[in-house]
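The sequence and structure are shown first.

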Amino acid sequence: MAVSISRRRPKSSKKLEAKQSYFGFTILYNFLSRISALVFLIILIYLWSSFSTLITGNIIHVCFSTRKLNSLYCLSAGTHPSFEIPTSTNNNTSIITPGIGHGNATETGKFPNIPRLVTTRNRVDMNDRDERVASAVKVVEEQLQVHRSWRSNKNYATCDGQGIYVYDLPSKFNKDLVGQCRDMVPWQNFCGYLSNEGLGEPIANLGKGWHKTHQYSLELIFHSRVLKHPCRVYDEKGAKLFYVPFYGGLDILRWHFKNVSNDVKDSLGLELVKWLESQGPWKRNSGKDHVFVLGKISWDFRRSSETLWGTRLLELEKMQNPIKLLIERQPWHVNDIGIPHPTNFHPHSGNDVVSWQMKIMRSNRKHLVSFAGAARADAEENIRSILINQCTSFGNDKCHFLNCSSSKCDEAESVIELFVESEFCLQPPGDSPTRKSVFDSLISGCIPVLFDPFTAYYQYPWHLPHDHDKYSVFMDKKEVTQMNVNIVERLSNISLRERENMRRYIIYELLPGLLYGDYNAELDKFQDAFAITMNNLLERVSRLDEAHKD
């Protein structure tokens, strides 16, 4: 008789296997989870080492390792949105909001050719907008005329009783700030950029006089030159001009990457003003014959109530009378005066300048147009993205794009060599209207192409001529962003003769006055940017003195 054997296993056996299977799965799941968590942690560590992220107010600043140290967008990330600018000197009900900042990297988040207009009470209607904007621009142009009226035809190397007194400030206001260079920028030692009196380390590949100069080194460069100015006096009674060597830009930079309160950020500036108020020269003229050189843009010293970035040094009541020399001025403050960004070339003698002029005049300019910069990742319609797209649609001979989102622009050699080989250099605004690159292009004999009048035309009345057609090409940013013009095709239509005339003017007329010589400079053949600035300051204070006598 056949015996039937059931294949059905006991319920207890199934339960045991299920438990074993579940137990095995749990071990495997836990193991894989830990591996995944470990991999994820490694990725996080890698990303953390690749960039720094800082949050100030509602603004996030990200600084990638490939461009951290030299990136304007990283270190000047505090150009804040909705900064209030008065449209006139006697009407505080209306303000212009340029909206320059990281809070909005779209086209409306950049400084427009014609600023966006609002009121403190309500929005003005569009019919009134143009009139108010025109009024605001008129104020800027009137102030520039005032600045140009201070231009001097004299060379105050002979002084003629125009003494310059340099305050011997407590070291906490300058030297001690330089001493913090190792910790100023978290990811790298900043000291090399502040060496050689702010010139930085030499660049052997570019030759004599070239240095790794940081764009925020102006305070040190200027201070070292003022100390050796022939008009310097050591008795304040013999002085007409008083120089305050406060390194306010470094003061801002040291707090940029630290979580500190606004009171901490403002403390050193307040201490300085209190110290100055105790000085006799300051009391006599309420600071009107005093001058500050600040190596960052004006907005960084005019913190608004909505943000945590920067200080309020230039918003202090006591700081309204002195002259402030900055790499970018606030266009509606008459005592803000823009002076050139420091470039990497610091000649010692007139022969150094002549040698460089001859070299770039003879250069084979194989690129019609070049652009050294980077797009904004979150702004496809930003002018930079449009320029890059137009540029790369042509070959390198027509338009060469040097992508600064990589490390290619960290070395001055790459940028200068490109500009020396280019006819035109595109200079769209960045996080603020001005660019150091404008001066890099000019000292390379490359004609800058500007898209915003605030990039240069409303900034540097002592160093650039009123007739900007002599040294630059202007294309309205609105025309470019609306795709009404192709920049490469437009520049191709400029004749060789026009280009040559502009280049000669740039190289032989402008270039010497855009350079800062080294700290022992003997530029007997030329006036550099420092000499022009000091002569104009002495001219201004001389007129101020005459007005007081009258």
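Buried means under 20% relative accessible area, exposed over 50%, and partly exposed in between (1.4 Å probe, protein chains only). The model is predicted: local features need pLDDT of at least 70, side-chain atom pairs count only at pLDDT 80 or more, and totals for chains, interfaces and linings use all residues. Residues are numbered from 1 along each chain as its sequence is written, and side-chain values use heavy atoms, leaving out hydrogens and water.

His-223 counts as buried because its relative accessibility is 11%. The side chain of His-223 makes a polar contact with that of Tyr-247 at 2.7 Å (here a pair of N or O atoms within 3.5 Å, one able to donate a hydrogen and the other to accept it; residues adjacent in sequence count only if both atoms are side-chain atoms).

Across the whole structure, 15 salt bridges are found; each is a side-chain nitrogen of Lys or Arg within 4 Å of a carboxyl oxygen of Asp or Glu. Among them are the following.

| Pair | N to O distance |
|---|---|
| Asp-266 and Arg-303 | 2.8 Å |
| Glu-421 and Lys-366 | 3.8 Å |
| Arg-503 and Glu-423 | 2.3 Å |

Arg-503 is buried at 4% relative accessibility, and Glu-423 is buried at 11%. Salt bridges with shared partners also join Arg-302, Arg-312, Glu-315 and Asp-336 into one network.

Asp-266 is buried at 15%, as is Arg-303 at 5%. By contrast, Glu-421 is partly exposed at 27% and Lys-366 is partly exposed at 45%.
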